[in-house]
Amino acid sequence: MSELQLNIKYEEFASAAEMSPDDQKLVALALESQKGSYSPYSHFQVGAALKLADGTIVKGANQENAAYPSGLCAERTALFWAGANYPDVPLDTLAIAGSDHGVLCESPASPCGSCRQVMAEYQKKHGRPLKVILVGSKRIRKFHKVDDLLPFIFDSLHMD
Ligand code: THU
């Protein structure tokens, strides 16, 4: 038996002002994307801004439904839109911002397991790391690859 340890690296910023101009822009777009949230049931507004490798920006927001499981998270609305409309363009960075009843979470909202799995799929498809930025009012976290949010990813290699 051997005991192993995982080392997960991420950056934490006190505010967007500490980030690169490109990342600042994406953070602002994630916040703006919250306006598209349709969340009459949870009142939790999530916005996503996805930058593609060619600079294209795709925005997403959570969409709820009276039949709860029929709704979709903000991240996946953006990821699936990019997959459907820009299938050959790799993904660069996904910024996510979540607010509870209109108030941005102090500690950033973290993507659910299904969204992490979908991020992992596109990262694998394009063969390059997808960066993820989680936006909160007191801190912002930046991960340089999906693996750092979803260790031991299940991907197509397991089906070879
Ligand atoms: N939600 C997202 O949009 N992204 C996440 O990663 C977590 C949760 C949405 C789903 C639902 O509309 C609301 O937040 C409350 O769960």
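Modeller: H101 lies in the loop between β4 and β5, the latter covering residues 103-104; strands (E, at least two residues) and helices (H or I, at least four) are DSSP runs, numbered from the N terminus. The model is predicted, so that local features need pLDDT of at least 70 and side-chain atom pairs count only at pLDDT 80 or more, whereas totals for chains, interfaces and linings use all residues. Residues are numbered from 1 along each chain as its sequence is written, and side-chain values use heavy atoms, with hydrogens and water left out.

Although H101 is not a glycine, its phi is positive, at about 50°. H101 counts as exposed because its relative accessibility is 55%; exposed means over 50% relative accessible area, buried under 20%, and partly exposed in between (1.4 Å probe, protein chains only).

Strand β4 itself spans residues 91-100 and contains T93. T93 has a relative accessibility of 1% and therefore counts as buried. The side chain of T93 is joined to that of D92 by a polar contact of 2.6 Å. A polar contact is a pair of N or O atoms within 3.5 Å; within protein, one must be able to donate a hydrogen and the other to accept it, and residues adjacent in sequence count only if both atoms are side-chain atoms. Apart from neighbours within four places in sequence, T93 is in contact (heavy atoms within 4.5 Å) with L26, A49, L50, K51, L130, K131 and I133.

A positive phi is also found at F152, about 55°, and F152 is not a glycine. F152 is placed in the segment after β7 (140-143). With a relative accessible area of 79%, F152 is exposed.

As to the setting, the protein has 3 helices and 7 strands, in the sequence order β-α-β-β-α-β-β-α-β-β. Its radius of gyration is 16 Å, close to the 15 Å that the globule rule gives for 160 residues, so the protein is as compact as a globular protein of that length. That radius is taken over C-alpha atoms, and the rule is 2.2 Å times the number of residues to the power 0.38. Along the principal axes, the C-alpha atoms fill a box of roughly 45 × 35 × 35 Å. Of the 160 residues, 44% count as buried. Among contacts with a separation of 6 or more, 67% are between residues 24 or more positions apart.
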